[in-house]
Amino acid sequence: MLLLALDTATPAVTVALHDGESVVASSSQVDARRHGELLLPAVDRVLAEAGTKLDAVTGIVVGVGPGPYTGLRVGLMTADTFGLVLGVPVHGLCTLDALAYASCIEGPFVAATDARRKEVYWARYADRRTRVTEPAVDRPADIADQVAGLPAVGAGARLYPDTFPNAHEPEHVSAAALASLAVEKLQAGEELAAPRPLYLRRPDAQVPKNYKVVTPK
Amino acid sequence: MADLRDAPLVLGIETSCDETGVGIVRGTTLLADAVASSVDEHARFGGVVPEVASRAHLEAMVPTIDRALKEAGVAATDLDGIAVTAGPGLAGALLVGVSAAKAYAYALGKPLYGVNHLASHICVDQLEHGALPEPTMALLVSGGHSSLLLSTDITSDVRPMGATIDDAAGEAFDKIARVLNLGFPGGPVIDRYAKEGDPEAIAFPRGLTGPRDPAYDFSFSGLKTAVARWIEAKRAAGEEVPVRDVAASFQEAVVDVLTRKAVRACKDEGVDHLMIGGGVAANSRLRALAQERCEAAGIRLRVPRPKLCTDNGAMVAALGAEMVARGRAASDWDLSADSSLPVTDPHVPGTSQGHGHNHDHVHEVAKDNLYS
Ligand SMILES: [Zn+2]
């Protein structure tokens, strides 16, 4: 088994290669504006570091978000296209799950990422493998009751200390964690989801009621 | 014109607006032109919604690549290169195509060519009428662009002669169709109504045609407003709006200015070929009037069939094939989607040494890299 993991749903552009036993190479860069430029060179670097080529990959796992749209699609499109050429399965995993999986917190906690527009993408976890709520997008103040008293991981928690006073590592998702979680699930015989984006928001678009009258009144 | 079997086989990907296009060409021969459009999803918004377009590109890309390969009857491994629209266009939409093209080229071990959308609109004519004359004057008109361009070599030299200073010609069609309650997109429906109307019924203004105005620039905003006011005045007076005459007179005002300026540019520059591309090139009156005026001026007009005029992947493949044929440098793996890529950049050559890519190649960051 050689699993290639990618995630571009958050400011982290992260790539890892997992051989079924451990992560053999990885790369993470945090740059919210350059997902498109950074991802392919990172894949190239990770493969080179592992001394292998893309055609040796037997499966792909990609973070499906939730995440701000533009960057999120870079990872998904790349994973889909690799899958098309290589003829290998492409799996999707929730980005918050990978973030949670990398935490060392005992007991319940929250994972939250920055959704911009003063909102967070978030979910609650019973432990680092068990998500107990659907991923959601909300204003931090609106979910204060639901996360009160819980430690939290992710950049979304750090951004809003009023709602998340107890912020923990990790701040950013890593493809190494994504790969490890995917391998654990696959080896347990679990079916992983299809690589479909979790946007959680509808596109911004105004339906014009009518054309704007141009004749001065 | 027959292509040699060893002419470059290139797959092109286009996602600058609302069409997911994948085309395959061998040299100047069209092998496949697969397009998935999200236009219906935008209709109720009266214009293209960038996020809706980007979501649709992600969904449509892999099936459209598959369809193009089947249509062309070629294997992906036989391709000589992958071309993609790097810009200009909607940033988020471009990024989906660029991501797909990079992954595709990398996985196949083929060179990647990030190319200019406008230069592609010109180059597509090679698939219809053979090698582009050099120089070529090109009039590109669509919902996104209205430009007059002069090219002596489509892979390296495209000069802007003029462009719209406000709205694109296609936007004016959309707007007037909306004022007339004819739906979106406006181009085809205005064309249809105009066929039954009188183009001289109403004298709408011709923008930027005064003696002191820039000779090759366009303006359609004033025309748009004049037409809307005229319609509103009719309605306010309780009179019926003569939709066919309005459509015909409005359309005449647009195509009159477009063709007049294009022919003038050809004459001034001593260019004996004019090509017209972009979605508005499908307009029947534009084609007819351009034909008439070019003939009178001794200019040969080249307009590709309508399906090649609207955004598609074949045009990107056509320019990519020309890049390969002329030995232009491939793009690097960190190629950006550039929503405002200048028209003077027909493609985005890589900065790393040599050209072409293979998996053993080490991509060093150039010292003058903007981001380092
Ligand atoms: Zn176009």
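The model is predicted.

## Chain A as a whole

Chain A contains 6 helices and 11 strands. Its radius of gyration is 19 Å, close to the 17 Å that the globule rule gives for 217 residues, so chain A is as compact as a globular protein of that length. Along the principal axes, the C-alpha atoms of chain A fill a box of roughly 70 × 50 × 30 Å.

Of the 217 residues in chain A, 53% are buried. The accessible surface of this chain comes to about 9,500 Å², and carbon and sulfur atoms account for 48% of that area. Contacts can also be sorted by separation in sequence: among those in chain A between residues at least 6 apart, 61% join residues at least 24 apart.

## Domains of the two chains

Chain A is divided into domain 1, made of residues 3–95 + 173–187, and domain 2, made of residues 97–168. The contact between them takes 14 residues from domain 1 of chain A and 13 residues from domain 2 of chain A. The C-alpha centres of these two domains of chain A lie 23 Å apart.

The assignment for chain B gives domain 1 as residues 4–124 + 312–371 and domain 2 as residues 133–304. Here the contact takes 22 residues from domain 1 of chain B and 19 residues from domain 2 of chain B. The C-alpha centres of the two domains of chain B lie 28 Å apart.

An unreviewed UniProt entry annotates residues 30–317 of chain B as "domain: Gcp-like". This span is 50% helix and 17% strand, and its end C-alpha atoms lie 9 Å apart.

Helix H3 of chain B, residues 91–108, has 18 residues. From its first C-alpha to its last, H3(B) reaches 26 Å, close to the 26 Å expected at 1.5 Å a residue. H3(B) is mostly covered, with 17 of its 18 residues buried. Just after this helix, Gly109(B) takes a positive phi of about 70°.

Helix H12 of chain B, residues 313–325, has 13 residues and reaches 18 Å between its first and last C-alpha atoms, close to the 18 Å expected at 1.5 Å a residue. Because 11 of its 13 residues are buried, H12(B) is largely enclosed by the rest of the structure. Among the buried residues of H12(B) are Met315(B), Val316(B), Leu319(B), Glu322(B) and Met323(B).

## The annotated binding site of chain B

The UniProt annotation "binding site", from an unreviewed entry, covers Leu140(B), Val141(B), Ser142(B), Gly143(B), Gly144(B), Asp174(B), Gly187(B), Asp191(B) and Asn283(B).

Asp174(B) is found in helix H6, residues 169–179 of chain B. Its relative accessibility is 17%, so Asp174(B) counts as buried. Leaving aside residues up to four places away in sequence, Asp174(B) touches Phe184(B), Pro185(B), Gly186(B) and Gly187(B).

Asp191(B) lies in helix H7, residues 186–194 of chain B. With a relative accessibility of 7%, Asp191(B) also counts as buried. Beyond residues up to four places away in sequence, Asp191(B) touches Gln251(B), Ala282(B), Asn283(B), Ser284(B) and Arg285(B).

## Local features of the backbone

Most residues other than glycine have a negative phi, and most peptide bonds are trans. Several positions in this model can be read against that background.

The peptide bond from Gly87(B) to Pro88(B) is cis, with omega near -10°. Pro88(B) is placed in the loop between strand S4 (81–87) and H3 of chain B. A cis peptide bond also runs from Phe184(B) to Pro185(B), with omega near -5°. Pro185(B) lies in the loop between H6 and H7 of chain B, and this proline is one of the residues touched by Asp174(B).

Leu200(A) has a positive phi near 65°. This leucine lies in the segment after helix H6 (175–187) of chain A, and at 36% relative accessibility Leu200(A) counts as partly exposed. In chain B, Leu208(B) has a positive phi near 55°. Leu208(B) is placed in the loop between H7 and helix H8 (221–236) of chain B, and at 17% relative accessibility Leu208(B) counts as buried.

Methods
Residues numbered from 1 in each chain as written. Chains lettered and ligands numbered in written order. Predicted model: local features only at pLDDT ≥ 70, side-chain atom pairs only at ≥ 80, totals over all residues. Heavy atoms only, no water. Helix = DSSP H or I, 4+ residues; strand = E, 2+ residues; numbered from the N terminus. Expected span 1.5 Å × (residues − 1). Buried < 20%, exposed > 50% of the residue type's maximum accessible area, 1.4 Å probe, protein only. UniProt positions renumbered as here; feature names shortened; annotations may be inferred. Contact = heavy atoms within 4.5 Å. Rg over C-alpha atoms; globule rule 2.2 N^0.38 Å. Areas by Shrake-Rupley, 256 points an atom, 1.4 Å probe, with all protein chains shown as cover. Domains from an automatic or database assignment.
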